[in-house]
Amino acid sequence: TNLTVAVDIVKFLLDSNPNVKLQKVGGEDSLLDFACSLEYNDLNTDAALEIIKAIYDAYPEAIEDDRIASDINEFHQQVQTFINGELVYSRKAKDHRLMTTP
């Protein structure tokens, strides 16, 4: 299907050029924020989450972007759930690093 092809294309681009993950959409949105803020429905949410996870895996630091936190209520519910879970994990990891750094 077209959704499977879209997922494969995003994964291919992320794998073939390490700078793709750093690109800004419209000069300001990270790829992760852009992918999260698109409108999804129940028919394409699984593919969307696969794309979002691939972008996140390639560049997890993007989740700390203030735009993601401020835009999160506009995301599809399943996207919100994924981002919230990763934000909690990211903050715990950051707190742990700060606590264990001499």
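Reader: In which helix is Asp 33 found?
Author: The model is predicted, so local features need pLDDT of at least 70 and side-chain atom pairs count only at pLDDT 80 or more, while totals for chains, interfaces and linings use all residues. Residues are numbered from 1 along each chain as its sequence is written, and side-chain values use heavy atoms, with hydrogens and water left out. Helices (H or I, at least four residues) and strands (E, at least two) are DSSP runs, numbered from the N terminus. Asp 33 is found in helix H2.

Reader: Does Asp 33 count as buried or exposed?
Author: Buried means under 20% relative accessible area, exposed over 50%, and partly exposed in between, with a 1.4 Å probe and protein chains only. The relative accessibility of Asp 33 is 0%, so the residue counts as buried.

Reader: Leaving aside neighbours within four places in sequence, which residues are in contact with Asp 33?
Author: Contact means heavy atoms within 4.5 Å. Once neighbours within four places in sequence are set aside, the partners of Asp 33 are Arg 67, Ile 68, Asp 71 and Phe 75.

Reader: Where is Arg 67 placed, and which residues does it contact beyond its neighbours within four places in sequence?
Author: Arg 67 has its place in helix H4. With a relative accessible area of 31%, Arg 67 is partly exposed. Neighbours within four places aside, Arg 67 is in contact with Glu 28, Asp 29 and Asp 33.

Reader: What is the relative accessible area of Ser 30?
Author: Ser 30 is found in strand E2, residues 29-30. Leaving aside neighbours within four places in sequence, Ser 30 is in contact with Gln 23, Lys 24, Ala 62, Asp 65 and Ile 68. Ser 30 is buried, its relative accessible area being 5%.

Reader: What pattern does the chain follow along the sequence?
Author: The secondary structure comes to five helices and two strands. Read along the sequence, these elements give the pattern α-β-β-α-α-α-α.

Reader: Which residues does Val 79 contact, leaving aside neighbours within four places in sequence?
Author: Val 79 is among the residues with the most contacts inside the largest nonpolar core. Neighbours within four places in sequence aside, Val 79 is in contact with Cys 36, Tyr 40, Leu 49 and Ile 52.

Reader: Why is the pair of Tyr 56 and Phe 82 described as it is, and what is the description?
Author: The structure holds one aromatic pair. Rings of Phe, Tyr and Trp (its six-membered ring) pair if their centres lie within 6.5 Å; planes under 30 degrees apart count as stacked, over 60 as edge-to-face and the rest as tilted. The ring centres of Tyr 56 and Phe 82 are 5.8 Å apart and the planes stand at 90°, so the pair is edge-to-face.

Reader: How many residues apart are Tyr 56 and Phe 82?
Author: Both residues of the pair, Tyr 56 and Phe 82, are buried. Tyr 56 belongs to helix H3 (residues 45-58) and Phe 82 to helix H5 (residues 77-100). The pair thus links distant parts of the chain, at a separation in residues of 26.

Reader: Which element has the lowest mean pLDDT?
Author: The predictor's confidence in each residue is its pLDDT, from 0 to 100. The mean for the chain is 88, and 92% of the residues reach 70 or more. Among the elements, the highest mean, 94, belongs to H3, and the lowest, 81, to H5.

Reader: What is the relative accessible area of Glu 39?
Author: Glu 39 has its place in the loop between H2 and H3. Glu 39 and Gly 27 are 12 residues apart in sequence and 20 Å apart in space, C-alpha to C-alpha. Glu 39 is exposed, with a relative accessible area of 78%.

Definitions and conventions: A nonpolar core is a set of buried Ala, Val, Leu, Ile, Met, Phe, Trp, Tyr and Cys residues joined through side-chain atoms within 4.5 Å.
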